[in-house]
Amino acid sequence: DVSPVVAGLIGATVLVVSVSVTVFVWTCCHQQAEKKHKTPPYKFIHMLKGISIYPETLSNKKKINRIRRDKSGTAKEGGRGNLLLDAAESGLAGSDRAADAPGAAPRVDQLPIKVDYGEELSPDQSLTPGGSKTSSPSSPGDDVMLGDLTFSVDYNFPKKALVVTIQEAHGLPVMDEHTQSSDPYIKMTILPDKRHRVKTRVLRKTLEPVFDETFTFYGIPYSQLQDLVLHFLVLSFDRFSRDDVIGEVMVPLAGVDPSTGKVQLTREILKRNIQKCISRGELQVSLSYQPVAQRMTVVVLKARHLPKMDITGLSADPYVKVNVYYGRKRIAKKKTHVKKCTLNPVFNESFIYDIPVDLLPDISIEFLVIDFDRTTKNEVVGRLILGAHSGSAAGAEHWREVCDSPRKAVAKWHSLSEY
């Protein structure tokens, strides 16, 4: 026998719990439905030969292309998200095997450098700048045809989305003398805000690449199309140095009207106009080497005249990432604190690396000035390389002065180059 008071309390408790669970389940289902039908702004859908890769599957981490075999022995790809794999990554394994050949340089994992080891240099982090490469007779010039690029532009009015399909290119120049071919891919940016940056996969050993990749950009009103410009940068992947720039295509959307349907265009690839690139600013750094302690001290002092990177165009939140390379292997990485809302930051932060004196000729120090963004991906403002792979005369002179003047701190300003 239960008293009426206890029975009432039990009934009320059961009723409250039931109502709470019902409300919670309904709220979760409602939020899931809203999230499913809501189109995230400034996102894109990447279609590769008809296969859609939705924004929810994208991440900043690189996908690993896993291959599995079924019972019949047929190779299958591990998942559609793996289609985002940069085909250039496949070249890293070959460079590791080359290091084991007779007469090769000593392995980095056997070097007496007392720092934290980082990952290998990726194709997008290629150390050697374009200015340090010797131009070959087949390099594109004023009198060389660079080929044509075919693409299409469409607009989805219900979803307020711009659809760009990069179809194919014809007549590309030879960028690799050994194979007498190229490994082309395309980077596309929507100007002037540069918020939408995408790229195609790398196609190996071809001068007539067929990409057939579609990029859908959401959150772009049709009324703003007349103010936008599509910028296509055609490159050739290089496993051992910075990728070669074949040329570029600029397409103002003011002359394109996709309101009646898909518009297919073919444009000539032109030589890249370096003069129109905006200034990346300057960075002041100080280097000092102690031969007795075999220690390199790197001080990031300050930067000035950095470009405006925020969407408001008012300021930037810069910090500096310092990478140390032995040959083409990154052996250490450090970074400064973020300086908020300034185009002329003062860092005054030092980093110390233990480097044997006999390894100095093969050491390079890379400085990446990066704009921190809490909501989107951080963007590289510019970079500077000092040491074995310095691409400028000022950088080579600074490094030589540091090596020739031990125990002396040498501080200099350097112009930042495009990453």
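Biologist: Hi! Which side chain does arginine 204 meet in a salt bridge?

Modeller: The partner of arginine 204 is aspartate 183, at 3.6 Å from N to O. A salt bridge here is a side-chain nitrogen of Lys or Arg within 4 Å of a carboxyl oxygen of Asp or Glu. Arginine 204 sits in the loop between strand 8 (197-199) and strand 9, and aspartate 183 in the loop between strand 6 and strand 7, so the pair ties together parts that are 21 residues apart in sequence. Before we go on: this is a predicted model, where local features need pLDDT of at least 70, side-chain atom pairs count only at pLDDT 80 or more, and totals for chains, interfaces and linings use all residues. Residues are numbered from 1 along each chain as its sequence is written, and side-chain values use heavy atoms, with hydrogens and water left out.

Biologist: Thanks! Is aspartate 183 buried or exposed?

Modeller: Aspartate 183 is buried, with a relative accessible area of 12%, while arginine 204 is partly exposed at 33%. Buried means under 20% relative accessible area, exposed over 50%, and partly exposed in between (1.4 Å probe, protein chains only).

Biologist: And how many salt bridges are there in the whole structure?

Modeller: The search finds 8. One of them joins arginine 383 to glutamate 366, with the closest N and O atoms 2.9 Å apart. That pair links strand 19 (residues 379-387) to strand 18 (residues 363-371), 17 residues apart. Both arginine 383 and glutamate 366 are buried. Strands (E, at least two residues) and helices (H or I, at least four) are DSSP runs, numbered from the N terminus.

Biologist: What does arginine 295 pair with?

Modeller: Arginine 295 forms a salt bridge with aspartate 354, at 3.2 Å between the closest N and O atoms. Arginine 295 is in strand 14 (residues 295-304) and aspartate 354 in strand 17 (residues 346-354), 59 residues apart.

Biologist: How about valine 210, where is that?

Modeller: Valine 210 is in strand 9 (residues 210-218). With 43% relative accessibility, valine 210 is partly exposed. Beyond four places in sequence, valine 210 touches Gln167, Glu168, Arg201 and Leu203.

Biologist: New topic: where is confidence lowest?

Modeller: In helix 2 (residues 91-99), with a mean pLDDT of 37, whereas strand 13 (residues 282-290) has the highest, 94. pLDDT is the predictor's confidence in each residue, from 0 to 100. The chain has a mean of 74, and 68% of its residues reach 70 or more. Over residues 49-126 pLDDT stays under 50, and the model has 118 contacts beyond four places in sequence for them. Where pLDDT is low, the predicted coordinates should not be read in detail.

Biologist: Last one: which residues does UniProt list as "transmembrane region"?

Modeller: The unreviewed UniProt entry lists residues 6-29. UniProt positions are given in the numbering used here, feature names are shortened, and annotations may be inferred rather than shown by experiment. In the model, the span is 100% helix and 0% strand, with its end C-alpha atoms 35 Å apart.

Methods:
Contact = heavy atoms within 4.5 Å.
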